[in-house]
Amino acid sequence: MTTIKKKTHVVRVYNSSSQMIPLQVRAPGGDFFTGEQQVRVSQGKDVLLPKSHLMAEQIDNLQKRGMIKVVYDSETQDS
């Protein structure tokens, strides 16, 4: 019997603003009340997170406002 491993795509998010930014993360299919967490990214720091756990709308909004930069996305690197 062979085990097939599913690749988890990750994203490195850099805080380019002058304040701490909270990112909301939730496992796919997770419940808002029990599965959602907050990852705090300090000014000038970065964090590596599973892409499937991020809220795309929040990331897009923060990028458009110039508060964060996605400096690495394993999904785009693989293609």
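**View 1. Val 10 of strand S1 and its partner in S4.** In S4, Val 10 has Pro 50 as its bridge partner. Strands here are DSSP runs of E with at least two residues, helices are DSSP runs of H or I with at least four residues, and both are numbered from the N terminus. S1 and S4 run antiparallel and are joined by five bridges. Two strands are taken as paired if DSSP finds at least two bridges between them. This is a predicted model, in which local features need pLDDT of at least 70 and side-chain atom pairs count only at pLDDT 80 or more, while totals for chains, interfaces and linings use all residues. Residues are numbered from 1 along each chain as its sequence is written, and side-chain values use heavy atoms, with hydrogens and water left out.

**View 2. The open sheet S4-S1-S5.** Three strands form an open sheet in the order S4-S1-S5, with antiparallel pairing. Strand S4 (46-50) and strand S5 (68-73) are the edge strands, each pairing on one side only. From one strand to the next the twist averages 30 degrees; axes are lines fitted to C-alpha atoms, for helices over the stretch in contact, and angles run from 0 to 180 degrees between N-to-C directions. Strand S1 (residues 10-15) is joined to S5 by five bridges, and the two run antiparallel. The bridge partner of Val 11 in S5 is Asp 73.

**View 3. The two faces of S1.** The covered face of S1 holds Val 11, Val 13 and Asn 15. Its uncovered face holds Val 10, Arg 12 and Tyr 14. Arg 12, in strand S1, is partly exposed because its relative accessible area is 29%; buried means under 20%, exposed over 50%, and partly exposed in between (1.4 Å probe, protein chains only). Arg 12 and Asp 46 are 34 residues apart in sequence, and their C-alpha atoms are 6.6 Å apart.

View 4. Leu 48, Val 71 and Tyr 72 make a nonpolar surface patch of about 260 Å². Patch residues have over 30% relative accessible area and no salt bridge, with nonpolar side chains (Val, Leu, Ile, Met, Phe, Trp, Tyr) joined within 5 Å and like charges within 9 Å. A salt bridge is a side-chain nitrogen of Lys or Arg within 4 Å of a carboxyl oxygen of Asp or Glu. Accessible areas come from the Shrake-Rupley method with a 1.4 Å probe. Leu 48 is placed in strand S4 and counts as partly exposed because its relative accessibility is 42%.

**View 5. The largest nonpolar core.** This core has 14 residues, and Leu 23, Val 47 and Leu 49 have the most contacts inside it. A nonpolar core is a set of buried Ala, Val, Leu, Ile, Met, Phe, Trp, Tyr and Cys residues joined through side-chain atoms within 4.5 Å. S1, strand S2 (21-26), strand S3 (36-41), S4 and helix H2 (56-64) each give two or more residues to the core. S2 supplies the largest share, three residues.

**View 6. Ser 17 in the loop between S1 and S2.** Ser 17 lies in this loop and counts as buried because its relative accessibility is 13%. Ser 17 and Gln 58 are 41 residues apart in sequence and 15 Å apart in space, C-alpha to C-alpha.
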